[in-house]
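Please read it with the model open.

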Amino acid sequence: SAARDVSPAGRSGGSRRARRDAALRPQERLAALLSGRDAVLACEEMALRARTDLVSARPREAALQAHLALEAAVAELQAFREERAVAERLPDLEARRDRLAAAANEALHGGPSEATMTAVEEGLRAVESALRARAANARY
């Protein structure tokens with residue numbers, strides 16, 4: 001009359017194989033990139049630049065790069081819509097477009113405000129989340 005999910009290893013962390021597969025995923029991605037079976041998306045590079053600008057206390061550059069990363073992610077991730085994890089994140093990315101466009105414009109006309117930088121950080125986190133979802137579901 002009742003059912004429970006129990007991990008095969010009896011631990012909440014999952015099986016040894018699942019942990020091993022998760023640990024090897026970054027190496028699989030690197031191998032796929034080097035062999036030409038996968039490509040680096042423009043939004044990935046822009047997101048890395050935006051994150052570096054945030055960490056390095058360059059708010060104007062971060063706002064501009066985050067806006068470009070988001071726009072590129074919305075366009076490039078359309079090709080991965082069939083993956084549920086990516087499809088679930090696309091509406092959130094699209095909803096952030098106007099706010100990040102305003103942040104980029106504010107950055108062009110001086111320094112972005114603290115509230116604007118919060119929106120930039122949240123938008124960048126959303127892009128990074130979508131990119132992680134794409135990589136996690138990729139089959140190399």
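The numbered points below go from the overall layout to individual residues.

1. Basis of the note. This is a predicted model, in which local features need pLDDT of at least 70 and side-chain atom pairs count only at pLDDT 80 or more, while totals for chains, interfaces and linings use all residues. Residues are numbered from 1 along each chain as its sequence is written, and side-chain values use heavy atoms, with hydrogens and water left out.

2. Overall layout. The chain contains six helices and zero strands, where helices (H or I, at least four residues) and strands (E, at least two) are DSSP runs numbered from the N terminus. Along the sequence the pattern is α-α-α-α-α-α. Among contacts (heavy atoms within 4.5 Å) with a separation of 6 or more, 63% are between residues 24 or more positions apart.

3. Burial and surface. Of the 140 residues, 34% count as buried; buried means under 20% relative accessible area, exposed over 50%, and partly exposed in between (1.4 Å probe, protein chains only). The chain exposes about 8700 Å², of which carbon and sulfur atoms supply 52%. Accessible areas come from the Shrake-Rupley method with a 1.4 Å probe, and for residues only the protein chains shown count as cover.

4. In soluble globular proteins, nonpolar side chains tend to be buried together. Here the largest nonpolar core has 29 residues, and Leu77, Leu93, Val120, Val127 and Leu131 have the most contacts inside it. Two or more residues of this core come from each of α2 (42-55), α3, α4, α5 and α6. Such a core is a set of buried Ala, Val, Leu, Ile, Met, Phe, Trp, Tyr and Cys residues joined through side-chain atoms within 4.5 Å. Beyond residues up to four places away in sequence, Val127 touches Ala47, Ala69, Leu70, Ala73 and Leu93.

5. Helix α4. Which residues of α4 (residues 84-95) are buried? They are Ala85, Val86, Leu90 and Leu93. These residues lie on the same side of α4 because they cover an arc of only 135° around the axis, the arc being that of the directions from the helix axis to the C-beta atoms. Their cover includes α3 (59-76), α5 (97-108) and α6 (114-137). On the face turned away from the buried side are the exposed residues Arg84 and Ala95.

6. A buried histidine. His67 lies in helix α3 and is buried, with a relative accessible area of 18%. Leaving aside residues up to four places away in sequence, His67 touches Arg97, Leu100, Ala101 and Ala104.

7. Salt bridges. The whole structure holds eight salt bridges, each defined as a side-chain nitrogen of Lys or Arg within 4 Å of a carboxyl oxygen of Asp or Glu. In one of them, the side chains of Arg51 and Glu128 meet at 2.8 Å, N to O. This pair links distant parts of the chain, with Arg51 in helix α2 and Glu128 in helix α6, 77 residues apart. Arg51 is partly exposed at 21% relative accessibility, whereas Glu128 is buried at 17%. In another, Arg58 pairs with Asp53, their closest N and O atoms being 2.7 Å apart; Asp53 is buried, with a relative accessible area of 8%, and Arg58 is partly exposed, at 34%.

8. Glu88 forms a salt bridge with Arg84, with the closest N and O atoms 2.8 Å apart. Because Glu88 and Arg84 are four residues apart in helix α4, about one helical turn separates them. Elsewhere, salt bridges that share partners join Arg51, Glu121, Arg125 and Glu128 into one network.
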